[in-house]
Amino acid sequence: TAWENLWITMIDDIVDRTGSAEVLARVLERGGLSAADQLMLSGLVTMADWIASNQQLFPLTVSGRVPGKASRAEGALNALNLTTAWAPHVDGEVPFRERFGWRDEAELRQAQLDVVRIAGAIGAQPALMIVEAETGSGKTEAALLAAEIQAANIGSGGVAFALPTMATADAMFARVQTWVRSTSADEDQLHSLFLGHSRAALNQDYADLVGRTRSIASDTPEQHLDVVAHQWLSGRRRGLLSEFVVCTVDHILMCALATKYVTLRHLGLAGKVVVIDEVHAYDVYSTSYMHRALMWLGAHGAPVILLSATLSAAQRKGLESSYAQGLEGHWGQVLGDGFPWDETAEPTEPEMEFPLSLIHI
């Protein structure tokens with residue numbers, strides 16, 4: 001039909017413009033796109049459509065004339081002025097004192113050293129890290145250091161840090177902001193940071209950040225900034241597209257639901273290292289969504305770091321199993337003392353006393 005012919009013509013035009021014919025041929029030879037890849041592409045198309053539908057970026061006329069397609073697209077991207085994806089480079093030891101504003105004599109604790117060591121040993125492959133240690137042992141700093149190492153190894157473009165409540169997210173925001181500023185200064189790049197919960201506007205640190213936000217079509221250059229709240233990325237349903245996100249855990253759990261624009265959530269999380277704090281604190285209902293969300297994150301190849309002080313063996317196995325399903329059903333290697341690995345058997349739990357101080361992969 002005429003309608004089908006129009007679609008074919010449009011698809012052929014897109015393939016020609018992007019030069020993707022050879023890549024598509026290889027994908028089709030392997031059986032087509034996976035469900036995770038389809039979600040990613042759908043999210044990317046949605047993002048592109050929202051940008052193209054913005055009349056501020058694409059005015060009908062410019063100085064009384066109709067601009068050409070190429071100049072319109074270039075002008076729109078320049079006006080949108082998106083921040084740059086995170087690209088950390090870890091050569092040797094991560095400068096942890098600069099990252100967290102610590103004194104010169106400050107040193108990492110043993111549990112933090114173990115997390116950093118194991119994060120480096122994982123290499124360029126997605127993995128689920130479960131960090132268990134008593135309260136006050138520095139799991140937050142350990143997770144951020146591990147996230148930087150994993151992002152450098154695997155090529156992740158940001159970090160999403162999820163917490164159980166708005167209060168804990170607010171408390172974490174200032175700490176993550178300090179860390180982001182340090183990493184941005186090392187790269188000499190400007191990055192976007194988003195606080196994700198319904199009362200984010202009441203957080204003074206975030207309000208100050210929004211006050212110096214990068215606006216669409218602004219001719220005023222940012223002065224001495226290393227982190228901003230980008231106007232477009234801070235809009236409704238677009239926050240997870242920022243390079244760095246501090247949010248309540250529902251933003252992560254909702255990627256397991258068939259909701260409107262869920263593909264944008266997948267697009268925002270797939271390229272990040274995802275850190276989830278207090279994983280023991282969720283009820284049975286929320287935990288079921290946690291398992292499905294971990295499966296999707298595994299399917300996207302996103303590194304995940306889970307933090308807890310009181311995680312039971314059954315909870316640990318369930319979380320590992322869910323992430324492993326996303327990695328095509330293969331269990332991740334178990335590292336650390338007391339955790340022998342047998343490729344023909346599931347991980348076994350040794351006899352351990354609480355509180356734990358271990359890193360489980």
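Begin with the cysteines: the structure, which is a predicted model, holds zero disulfides. In general, a disulfide is a covalent bond between the sulfur atoms of two cysteines. Select C247, which is buried with a relative accessible area of 0%. Then select C255, which also counts as buried, at 3% relative accessibility.

Next, display the whole chain and colour it by confidence. The average pLDDT is 85, and 85% of the residues score at least 70. Where pLDDT is low, the predicted coordinates should not be read in detail.

Switch to a cartoon view. The chain contains 13 helices and eight strands. Of its 361 residues, 44% are buried. Among contacts between residues at least 6 apart in sequence, 76% join residues at least 24 apart. With a surface drawn, the accessible area of the chain comes to about 18,900 Å², and carbon and sulfur atoms account for 53% of it.

Now select W3, L6, W7, M10 and I11. Together they form a nonpolar patch on the surface with about 550 Å² of accessible area. One of them, L6, belongs to helix α1, residues 2-18, and counts as partly exposed at 40% relative accessibility.

Remain on helix α1 and select D13 and R17, which lie four residues apart there, about one turn of the helix. A salt bridge joins D13 to R17, with the closest N and O atoms 2.9 Å apart. D13 is partly exposed at 35% relative accessibility, whereas R17 is exposed at 60%.

In the first, the side chains of E107 and R97 meet at 2.9 Å, N to O. E107 sits in the loop between α5 (96-100) and α6 (110-122) and R97 in helix α5, so the pair ties together parts that are ten residues apart in sequence. E107 is exposed at 55% relative accessibility; R97 is partly exposed at 22%.

Finally, select E141 and R175, whose salt bridge has its closest N and O atoms 2.7 Å apart. Because E141 lies in helix α7 (residues 139-154) and R175 in helix α8 (residues 166-187), this pair ties together parts that are 34 residues apart in sequence.

Technical notes:
Residues numbered from 1 in each chain as written. Predicted model: local features only at pLDDT ≥ 70, side-chain atom pairs only at ≥ 80, totals over all residues. Heavy atoms only, no water. pLDDT = per-residue confidence, 0-100. Helix = DSSP H or I, 4+ residues; strand = E, 2+ residues; numbered from the N terminus. Buried < 20%, exposed > 50% of the residue type's maximum accessible area, 1.4 Å probe, protein only. Contact = heavy atoms within 4.5 Å. Areas by Shrake-Rupley, 256 points an atom, 1.4 Å probe, with all protein chains shown as cover. Disulfide = S-S within 2.5 Å. Patch = residues over 30% accessible without salt bridge, like charges linked within 9 Å, V, L, I, M, F, W, Y side chains within 5 Å. Salt bridge = Lys/Arg side-chain N within 4 Å of Asp/Glu carboxyl O.
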